[in-house]
Amino acid sequence: MSAMMSTGRDEATLREEIVGFGRSLFDRGLTAGSSGNISVRLDDGWLLTPTNACLGRLDPARLAKLDWSGRHVSGDAPSKEAFLHRAMYEERAGAGAIVHLHSTHSAAVSCMCGLNHHDSIPPLTPYFVMKIGRLPLIPYHRPGDPALGDAIRGLARKHCAVLLANHGPVVSGTSLEAAVYATEELEETAKLFLLLRNTPTSPLNAEQIEELKSVFKLDI
């Protein structure tokens, strides 16, 4: 992996942003306990929340820093799911940050039978299409299984987000703010999807999706 894009932000500022967004996600119940992890691309590597760290109680000075090869450079030991982030960065040169949560509604969808593995949540709203696009479902792997990184790598080039079966979403964005907003939109759409079960629905059709892609210059 190499520095394919410049963040344009100094490292100290990005550390504070991780802490601020982590606390916001935790306070609003989008992550619980020590679950979930956040990373941000730097010009000389990337920052990642530490293993067993609560996103609501992060210390900017203790965030793990890794180089482009994934070697731990400084800070506390990185999340054991570092390989998820690395796989996404390697395939998405424009990814400036990645958020992985076990958010309730998205995780609930990931446990359902009969999902379309190529498009696990239908395009119920234009906002979901604009921020997520298609959401492929990755088959179950145990936590920490390196094969999960390979599974993500196979899909990340064409998808900004994936849903891990019986686990939760991994979402990338051009910035940490963009990644968090996309994660929030995914969680709200997952909630709608669950609320509408057994109810006839009218997802956006192909023509409507193409219009969104054209008007908003979407690469999805």
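Modeller: We'll take cysteines, then cavities, then one glycine. This is a predicted model: local features need pLDDT of at least 70, side-chain atom pairs count only at pLDDT 80 or more, and totals for chains, interfaces and linings use all residues. Residues are numbered from 1 along each chain as its sequence is written, and side-chain values use heavy atoms, with hydrogens and water left out.

Biologist: How many disulfides does the structure hold?

Modeller: 0 disulfides. The term means a pair of cysteine sulfur atoms within 2.5 Å.

Biologist: And Cys 54, buried or exposed?

Modeller: Cys 54 has a relative accessible area of 13%, so it is buried. Buried means under 20% relative accessible area, exposed over 50%, partly exposed in between (1.4 Å probe, protein chains only). Cys 160 is buried too, at 16%.

Biologist: New topic. How many cavities of 30 Å³ or more turn up?

Modeller: The whole-structure search finds 1. A cavity is a set of points on a 1 Å grid, over the protein atoms alone, where a 1.4 Å probe fits but cannot get out. The largest cavity holds about 30 Å³ of space.

Biologist: Which residues line the largest cavity?

Modeller: Its lining residues (an atom within 4 Å of a point) include Ile 138, Tyr 140, Leu 164 and His 167. By class, the lining has 6 nonpolar, 2 polar and no charged residues.

Biologist: Last one. Where is Gly 96 found?

Modeller: Gly 96 is in the loop between helix 2 (82-91) and strand 5 (97-100). Its relative accessible area is 5%, so Gly 96 is buried.

Biologist: How far apart are Gly 96 and Thr 51?

Modeller: They are 45 residues apart in sequence and 21 Å apart in space, C-alpha to C-alpha.

Notes:
On a 1 Å grid over the protein atoms alone, a cavity is a set of points where a 1.4 Å probe fits but cannot get out, and a pocket is an open set with protein on both sides within 12 Å along at least five of seven lines; lining residues have an atom within 4 Å of a point. Grid points are joined across faces, edges and corners, and a volume is the space filled by probe spheres set on the points. Ala, Val, Leu, Ile, Met, Phe, Trp, Tyr, Cys and Pro count as nonpolar, Asp, Glu, Lys and Arg as charged, and the others, Gly among them, as polar. Helices (H or I, at least four residues) and strands (E, at least two) are DSSP runs, numbered from the N terminus.
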